[in-house]
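This report walks through one protein model, from the whole chain down to single residues. Please look over the sequence and the structure before reading on.

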Amino acid sequence: MKYLSVLILLYCLFSCNSEESIEGSWIYSYDLFSDGSIHYSPNPISILAFYQDSVVELIVGNKKYEFEDQNNTHRIEKKGSVLNLGDTYKLNLDSIKGDSLLLTPSRHTSSLKYKMIYKKLPKKYKKMDWLPVGKSYKFKNWKSETIVMDFNTDTTLVEHSKISKTNIRDWELTSLDGYSFLIITYLEPTATLIDSITADKVFVTYYGPKVHKFVFEEINN
């Protein structure tokens with residue numbers, strides 16, 4: 001009887017901790033298909049904000065594909081270790097690993113099954129106000145290549161590097177769920193979270209298959 005009580009206690013602790021671990025906001029990172037391949041959504045930002053009995057899905061659309069911004073609320077229904085998020089997604093609590101959450105669409109749009117990977121956003125966050133127009137910044141990407149960005153207007157920037165040479169890219173700043181993001185369009189719009197700002201530096205995080213942190217350093221001509 002004592003052994004059974006211990007098992008029940010451990011199960012309750014695990015279940016409660018699993019549910020508590022999903023509280024907060026998560027940002028979409030990538031799709032992982034059953035054949036091991038990785039794909040990305042054309043929408044630059046998708047956030048899931050979990051509450052006690054519901055989850056709010058916030059999406060920044062993509063004008064190129066005529067995808068509009070979305071704000072959807074899904075009711076959470078628990079069945080064992082599985083959470084049904086409305087009739088749109090399923091979440092197995094056992095699949096939460098550290099800062100990653102694996103979401104299964106209830107209806108697959110591909111012949112291959114896939115999971116949507118989300119990364120945990122920081123709980124404590126203060127909205128950032130950044131005005132880069134008319135300024136230039138440099139940073140090193142994940143290949144240790146130095147990139148220089150000239151924010152010439154409030155919609156376009158000029159990017160310079162030794163390898164890629166010169167490119168003109170669209171950019172914008174946006175806020176979602178209280179978080180501030182920089183979106184730069186490469187082949188597709190790519191979002192980075194603005195973590196903090198000092199007098200001459202901007203610290204950002206990119207939530208891809210690997211989480212990368214970058215420092216934009218202002219260039220004073």
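## Surface and overall make-up

Accessible areas here come from the Shrake-Rupley method with a 1.4 Å probe, and for residues only the protein chains shown count as cover.

The model is predicted: local features need pLDDT of at least 70, side-chain atom pairs count only at pLDDT 80 or more, and totals for chains, interfaces and linings use all residues. Residues are numbered from 1 along each chain as its sequence is written, and side-chain values use heavy atoms, with hydrogens and water left out.

The protein contains 1 helix and 17 strands. Both are DSSP runs numbered from the N terminus (helices: H or I, at least four residues; strands: E, at least two). Of the 221 residues, 40% are buried. Buried means under 20% relative accessible area, exposed means over 50%, and partly exposed lies in between (1.4 Å probe, protein chains only). Taking contacts between residues at least 6 apart in sequence, 40% join residues at least 24 apart; a contact means heavy atoms within 4.5 Å.

## The barrel

A barrel is closed by 8 strands, in the order β10-β11-β12-β13-β14-β15-β16-β17, with antiparallel pairing. On average, neighbouring strands of this sheet are turned by 35 degrees against each other, direction ignored. For such angles, axes are lines fitted to C-alpha atoms (for helices over the stretch in contact), and angles run from 0 to 180 degrees between N-to-C directions. Two strands count as paired if DSSP finds at least two bridges between them.

Several of these pairings can be followed along the chain. Strands β14 and β15 run antiparallel and are joined by 5 bridges; they form a hairpin with 3 residues between them. Within this pair, Ile184 has Thr190 in β15 as its bridge partner. Next, β15 and β16 are antiparallel with 4 bridges, and this hairpin too has 3 residues between its strands. Ser196 stands opposite Phe203 in β16. Strand β16 (residues 201-207) then pairs with strand β17 (residues 211-218) in the antiparallel sense over 7 bridges, where Tyr207 is opposite Val211 of β17.

Is Ser180 buried or exposed? Ser180 counts as buried because its relative accessibility is 3%. This residue belongs to strand β14, which covers residues 179-185. Apart from neighbours within four places in sequence, Ser180 contacts Tyr125, Lys127, Met128, Thr174, Ser175, Thr192, Leu193 and Ile194.

## Salt bridges

How many salt bridges does the rule give? The count is 4, where a salt bridge is a side-chain nitrogen of Lys or Arg within 4 Å of a carboxyl oxygen of Asp or Glu. One of them joins Asp53 to Arg75, with the closest N and O atoms 3.7 Å apart. This pair links distant parts of the chain, 22 residues apart: Asp53 is in the loop between β3 (45-50) and β4 (54-60), and Arg75 is in strand β5 (residues 70-79). Asp53 is partly exposed at 39% relative accessible area, whereas Arg75 is exposed at 59%.

Another salt bridge joins the side chains of Lys79 and Glu77, at 4.0 Å from N to O. Lys79 counts as exposed at 52% relative accessibility, and Glu77 as partly exposed at 43%. Lys213 is exposed, with 64% relative accessible area, while Asp195 is partly exposed, with 22%.

## A nonpolar surface patch

Which residues form a nonpolar patch on the surface? The patch consists of Leu32, Ile38 and Tyr40, which together have about 270 Å² of accessible area. Patches are made of residues with over 30% relative accessible area and no salt bridge; like charges are joined within 9 Å, and nonpolar side chains (Val, Leu, Ile, Met, Phe, Trp, Tyr) within 5 Å. Leu32 lies in strand β1, residues 24-33. Leu32 is partly exposed, since its relative accessible area is 31%.
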